Amino acid sequence: MRRMDVLLFTTLVPFSLALFTGVLGLAYASIIPASILAYSLMSDLPSGFHVERTVEARNLAVGRRARVHVRLTVERGAGLVFIGDVVSPGLKVHGRNRRVFVKLPGEVLQVEYSYEVSPGKRGVHSISPVEVIGRDFLGLFGANYGIFGDEVTIEARPVIGSLRASSLRSIRAKRRGLPVVLSRKGISSKDFKEIREYQPGDPLNSINWKATARFGIPLVNEYEPEGMATVMVYADTTAEMGTGDVFNGALESALGLSLSLVHTLLKANLRVGLYLAGSERFVTPRTGTQAFSSFLRAVLSAGPSPNPEPMPLAVERSKRAGKVDLAVIITNVTPYNVSELRDAIGKLRKTFNCRVLLVDINPYGAIDKDVMQLSRLHKRKLAGKLGVPVVEWVPSQEGPSTALKKVLGGVSLAL
Amino acid sequence: MRFRVSTNSLKLAVLVSLLPLAWLASLTDVLRFLAGNIGARFGISVSPLLLGILLVIVPALIYIYLTGDLIKPFLLALVLYLLPAIFGIDFNLLDRYVPGAIMLFTGFLLALFITWLEGDVKSVEGEESERLFISSLREVLVPLPLGIMLTALLLWRSSLGKTPRNVLPLAFLLPLLLFATVAFALHFREDQNEQVQPAKKSYLILRTVMKAGDSFILDVLERTERSVTFTLSGGFPVERPILLKLEWDDKAPEVVVLMSPWDTQTLLKTEELRKGEETYFIYLPTSRAPSSPGIPSAPR
């Protein structure tokens, strides 16, 4: 029953009772609800909304906070004013983003409030436009609805584990036989890569004079470096990686590690490619730290995808990668995907004639220590059948930097 | 110390309006017999009215304290109070029975408003909720003194509802009718200054709750004359509120389908809003939409 009907009913019932019982004085009880009804009829719903919203930062690292400031003005009417926005689940709200204010008759309501948001995981998160609902105090006459501003997107970068230069050098030192692999700069090939801004130290003959004249800033041609080892990273983003919670589960760990690995290898001047199995996203092998943004974009809104793209198919689809020296598969080894992994490893060897390193993420540590230990034993047994070096990582026990060190050690040895 | 009005104190204060029922109960043979028995056995003189208060207000107090529900005790009290009027009441009691009925009915109205307002502001936590509640209730009750004044006048004219000749004085009807007419006229008046401008921009506003990626990418999958299907791809699956504002340069569809890999929602056009040169088409999941049974209309 609508509230208006209830109030009308309470106004009329005393009349009916007075007639029905013959106690005519009961009809007087109608006067009070009638006066409230009449007063409600005379006042307008809150209207004349103006909303301004500012968001402090649109690009944040996971865990950092941005302040959202909202200013609301309600010019006319009287009643309750509900204001708020819808924040995507990946953003944690600190404070309150949905508020209620009282608009009194005859005065303009001007209020300001703010709250903070912080991304709990990587991705492109959104804050919806601000919606305002104005209602009379008793909710008798429907509502005035307004929506203001546009959707705000906040791009959250994952926390990228990085190694100190000294750690990188020590890894490099272990591979003295292959100085080019981890050298700061390789010899340029004749394969054109991109036009970029001139940097001190660039040879004069690399300047693109036409482009420089057109844009008015010194630009140089960059060519793909020659002799670089190519590392292809395969990150599993299928539904099976949905184990664990939305913020620290297997998928988030896998993608965080993938990005950290890509970032470090690009810094070491290797050619790096990335394939997200399940999400069907492929970043062809490239060099230079500028290329990192392509990897970041690919990873930001990935998986877990319900698309059952098995790892062998992912390998098949990444054939365009060309020459690959090392493939790193990052997944959660289970009895259900172990045979697919075996096929994928076989296919990688056949297609690229490369070495393979497997990173096995164990997300069960967040559930229970005993479960983790049991799963570790089981996983070791399963991975033992694959015939490749395996790096175990329990995200609840080891930080991303430790995992990265272990993986880089494996990369270094494999190369 | 300054007395602070709170929701709970108001709820308890409203219970005072149950006194007429306690008075009516004290007139019954049962309570008189009980009072007499207590006096005889324990040597304590207890008035039937006190016993009535104990038997009416204390159980109501306990019930409200335990459940927080004000409506049911008041409805029950009203029904019990009206029973003598239905089965016949002593004429000499009318001058107390009628004001008592008005008091009880006013208490019921207050209980109703408290329940409504409490439900409206329950999304707000802590002291702000109390503040909103009290401010709203104060505003709602602005016309209450006027209503009480008119009622008191009518009661005075009719010797507290006892003299039928003066029960419905016609002299009061004219100002009441005038008041009602003004109220209706004010409510249904149209703003003459507001000029309708041709719409330049249209937006689709999609509101629902569904299982979709925590950070999804929206794409148009299919577009027909009556419906549009959007896909929401990517992200970690989670039951989440969705509020989307999409610029639309075509005729607004009647049906919008949102498809994520884990859920599908059918939204129907429910409202069209004009704001200056902009038009907003609101789409909500309705019970008619096959994929949305039991989905609350407002995002959480």
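Author: A residue counts as exposed when its relative accessible area is over 50%, and as buried when that area is under 20%. The model discussed here is predicted.

Reader: Is B:Leu76 buried or exposed?
Author: B:Leu76 is found in helix α5 of chain B. Its relative accessibility is 53%. The cut-off is over 50%, so B:Leu76 counts as exposed.

Reader: Which helix gives the most to the nonpolar patch?
Author: The patch lies on the surface and has about 740 Å² of accessible area together. Its members are A:Phe20, B:Leu76, B:Val79, B:Leu80, B:Leu83, B:Ile86 and B:Phe87. Six residues come from one helix, spanning residues 71-87 of chain B. That helix is α5 of chain B.

Reader: At what angle do the axes of helix α2 and helix α6 of chain B cross?
Author: Two packed helices are described by the angle and the distance between their axes. Here α2 covers residues 19-26 of chain B and α6 covers residues 94-120 of chain B. Their axes come within 8 Å and cross at roughly 140°.

Reader: How many residues of the contact of α2(B) with α6(B) are nonpolar?
Author: From α2(B) come B:Pro20, B:Trp23 and B:Leu24. From α6(B) come B:Arg96, B:Tyr97, B:Gly100, B:Met103 and B:Leu104. One residue of the contact is charged, one is polar, and the nonpolar ones number six.

Reader: What share of the residues in chain B is buried?
Author: Chain B holds nine helices and seven strands. Its accessible surface comes to about 17,000 Å², with 62% belonging to carbon and sulfur atoms. Buried means under 20% relative accessible area. Of the 300 residues in chain B, the buried share is 44%.

Note on methods. Residues are numbered from 1 along each chain as its sequence is written. Chains are lettered from A and ligands numbered from 1 in the order in which they are written. This is a predicted model: local features need pLDDT of at least 70, side-chain atom pairs count only at pLDDT 80 or more; totals for chains, interfaces and linings use all residues. Side-chain values use heavy atoms; hydrogens and water are left out. Patches are made of residues with over 30% relative accessible area and no salt bridge: like charges are joined within 9 Å, nonpolar side chains (Val, Leu, Ile, Met, Phe, Trp, Tyr) within 5 Å. Accessible areas come from the Shrake-Rupley method with a 1.4 Å probe; for residues, only the protein chains shown count as cover. A salt bridge is a side-chain nitrogen of Lys or Arg within 4 Å of a carboxyl oxygen of Asp or Glu. Helices (H or I, at least four residues) and strands (E, at least two) are DSSP runs, numbered from the N terminus. Buried means under 20% relative accessible area, exposed over 50%, partly exposed in between (1.4 Å probe, protein chains only). Axes are lines fitted to C-alpha atoms, for helices over the stretch in contact, and angles run from 0 to 180 degrees between N-to-C directions. Contact means heavy atoms within 4.5 Å. Ala, Val, Leu, Ile, Met, Phe, Trp, Tyr, Cys and Pro count as nonpolar, Asp, Glu, Lys and Arg as charged, and the others, Gly among them, as polar.
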